[in-house]
Amino acid sequence: MSLPICTYGNPILRQRAVEVMSVNDDIRDLAKEMFETMYKEQGVGLAAEQVGRTERMFIVDIPAEGDLGDDGQRENPGIEMPLVFINPKVTGHTEDIQVGPEGCLSFPEIFANVERWYEVDAAYIDLDGIPQTIHAKGLLARAIQHELDHLDGVLLVDRMSNVKKVALSGKLKRLVKETKKAL
Ligand code: NI
């Protein structure tokens, strides 16, 4: 069953998510519902807070055609999608920063350029409860940083330039109003 998406203006998106103590059936059910929701909404990443939950957990599924670098080669050829990240942490990154367009299912029809590290190392627990590490580049690295932000209550609107925020202020205000009306 897919779940409704919490949009900007919903206070849950500003919470700090809570560590998962045990990867149990509840967590596995949540992951399944998050995947159904993300695929229905055609996103490439989704954090638990976006479906109204406070577990430190997100999912990512970058399609092969989205994983191509400027040279047309796969950026993360050895990594199998989709991925579930439980209690994730960025453990390292290169200094290289890439500016790229970002969207978010909690900000429908809003896109903004955001600076992210081009490569990150992350540690997390998988859906079998096993600790994992990953070295990610490009869009996958971007998605990991975006979703990890969600778990700390940090949103796309906090990462865009002030100029962009001003340009989008009407749209953002309308979104908050619609969100509050629906709560
Ligand atoms: Ni998002």
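His146 is buried, with a relative accessible area of 7%; buried means under 20% relative accessible area, exposed over 50%, and partly exposed in between, with a 1.4 Å probe and protein chains only. The model is predicted, so local features need pLDDT of at least 70 and side-chain atom pairs count only at pLDDT 80 or more, while totals for chains, interfaces and linings use all residues. Residues are numbered from 1 along each chain as its sequence is written, and side-chain values use heavy atoms, with hydrogens and water left out.

His146 lies in helix α2; helices (H or I, at least four residues) and strands (E, at least two) are DSSP runs, numbered from the N terminus. Not counting residues up to four places away in sequence, His146 touches Glu102, Gly103, Cys104, Arg116 and Leu156, where contact means heavy atoms within 4.5 Å.

His146 is also a ligand of the nickel ion: its NE2 coordinates the metal together with Cys104 (SG) and His150 (NE2), at 2.1 to 2.2 Å. The donors follow the spacing C-x41-H-x3-H along the chain. Cys104 is in the loop between β4 (97-102) and β5 (112-117), and His150 is in helix α2 (residues 138-151), 46 residues apart. Donors here are N, O and S atoms within 2.8 Å of the metal (3.2 Å for Na, K and Ca); water is not among the atoms, so sites may look incomplete. Cys104 counts as buried because its relative accessibility is 12%, and His150 counts as buried at 1%.

Next comes the sheet. Five strands form an open sheet in the order β1-β2-β3-β6-β7, with antiparallel pairing; two strands pair if DSSP finds at least two bridges between them. At the edges are β1 (45-47) and β7 (131-137), each of which pairs on one side only. On average, neighbouring strands of this sheet are turned by 40 degrees against each other, direction ignored. Axes are lines fitted to C-alpha atoms, for helices over the stretch in contact, and angles run from 0 to 180 degrees between N-to-C directions. Inside the sheet, β2 (residues 57-60) and β3 (residues 83-93) pair in the antiparallel sense over four bridges, and Met57 stands opposite Ile86 in β3. Helix α1 (residues 25-40) packs on the sheet and touches β1, β2 and β3; its direction makes about 40 degrees with that of β2.

In soluble globular proteins, nonpolar side chains tend to be buried together. A nonpolar core is a set of buried Ala, Val, Leu, Ile, Met, Phe, Trp, Tyr and Cys residues joined through side-chain atoms within 4.5 Å. The largest core has 19 residues, and those with the most contacts inside it are Phe58, Val60, Leu83, Phe85, Ile134, Leu140 and Ile144. At least two residues of this core come from each of β2, β3, β6 (119-125), β7 and α2, and α2 gives the largest share, six residues. A second, separate core of 17 residues includes Leu30, Ala31, Met38 and Val84.

The structure holds four aromatic pairs. Rings of Phe, Tyr and Trp (its six-membered ring) pair if their centres lie within 6.5 Å; planes under 30 degrees apart count as stacked, over 60 as edge-to-face and the rest as tilted. Phe85 and Tyr124 form a tilted pair because their planes are at 50 degrees, with the ring centres 4.4 Å apart. Phe85 is in strand β3 and Tyr124 in strand β6, 39 residues apart. Both residues are buried. Ring pairs link Phe58, Phe85 and Tyr124 into a cluster.
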